Amino acid sequence: AFVNDTLLLGYAERVSDSLYSFILNATLPGFYNVKAVASDYSGHVDTSGTIVFGVSSNSFATQATIPQIHGAQSTYAGMLVQTTGVVTAVQKDSSGFWMQDALGDGNPLTSDAIYISRSAPVGLPSRGDLVLVRGMVQNFKALPSYLSTTRLACVDSIAVLSSNNALPTPQIINA
């Protein structure tokens, strides 16, 4: 079962020994931190796991540049967006990559780059690829003491438009 506080949101259905299908009922777009409640055959209940789900309001993505999405503080949080950029780095563990707007917005106080948290079924581009990405904007904070960063999560589409592009000029962000 998946619960948000005391509200039941959905269930997992066993497909095979190690594979489950998840059904979640969410009425509003955005990210849901959902507590997973699992029990084994002996009746032991485990509520220690939390899963983050991203739910979009429809299949139409808002077109935005990386500087518009990232900005000083993202006003696109929870929205499904589509953007382009050049891949500048790829995580060694293949969990995601960074991409940068080739032109930027000229504002040294904001970032022209964004992290893309890759979903398992979506392919991984290479450094220098110009890509078109569709995903949900998330203001993410890994630990309470860390600063929040804007990233794209729940990515459902990555299209490589061209390869072997020159990397954009690195941008220095003022503190």
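The structure is a predicted model, in which local features need pLDDT of at least 70 and side-chain atom pairs count only at pLDDT 80 or more, while totals for chains, interfaces and linings use all residues. Residues are numbered from 1 along each chain as its sequence is written, and side-chain values use heavy atoms, with hydrogens and water left out. The protein has one helix and eleven strands; helices (H or I, at least four residues) and strands (E, at least two) are DSSP runs, numbered from the N terminus.

**Confidence**
- The mean pLDDT of the protein is 75, and 59% of its residues reach 70 or more; pLDDT is the predictor's confidence in each residue, from 0 to 100.
- Confidence is lowest in strand E1 (residues 2–4), at a mean of 56, and highest in E8, at 93.
- Where pLDDT is low, the predicted coordinates should not be read in detail.

**Overall make-up**
- Along the sequence, the elements follow the pattern β-β-β-β-β-β-α-β-β-β-β-β.
- Of the 175 residues, 32% count as buried; buried means under 20% relative accessible area, exposed over 50%, and partly exposed in between (1.4 Å probe, protein chains only).
- The accessible surface comes to about 10,800 Å², of which 54% belongs to carbon and sulfur atoms; accessible areas come from the Shrake-Rupley method with a 1.4 Å probe, and for residues only the protein chains shown count as cover.
- Among contacts with a separation of 6 or more, 55% are between residues 24 or more positions apart; contact means heavy atoms within 4.5 Å.

**Strand pairing**
- E7 and E10 pair in the antiparallel sense over seven bridges; two strands pair if DSSP finds at least two bridges between them.
- Valine 81 stands opposite glycine 135 in E10.
- E10 also pairs with E11 in the antiparallel sense, over ten bridges, and leucine 130 stands opposite serine 162 in E11.

**The largest nonpolar core**
- This core has 15 residues, of which Phe97, Met99, Ile114, Ile116, Val133 and Leu152 touch the most other members; a nonpolar core is a set of buried Ala, Val, Leu, Ile, Met, Phe, Trp, Tyr and Cys residues joined through side-chain atoms within 4.5 Å.
- At least two residues each come from helix H1 (66–70), strand E7 (80–90), strand E8 (96–100), strand E9 (113–117), E10 and strand E11 (149–162).
- E10 gives the most to this core, with three residues.
- Leaving aside neighbours within four places in sequence, phenylalanine 97 is in contact with residues including Val87, Ile114, Leu124, Val133 and Ile158.

- Glutamine 138 is placed in strand E10 (residues 130–140) and counts as buried because its relative accessibility is 11%.
- The side chains of glutamine 138 and arginine 151 are joined by a polar contact of 2.8 Å; a polar contact is a pair of N or O atoms within 3.5 Å, where, within protein, one must be able to donate a hydrogen and the other to accept it, and residues adjacent in sequence count only if both atoms are side-chain atoms.
- Threonine 88 is in strand E7, and its C-alpha atom is separated by 5.3 Å from that of methionine 99, eleven residues apart along the chain.

**Positive phi values**
- Most residues other than glycine have a negative phi.
- Serine 94, in the loop between E7 and E8, has a positive phi near 65 degrees; its relative accessible area of 28% makes serine 94 partly exposed.
- Asparagine 164, in the segment after E11, has a positive phi near 60 degrees and counts as exposed at 74% relative accessibility.
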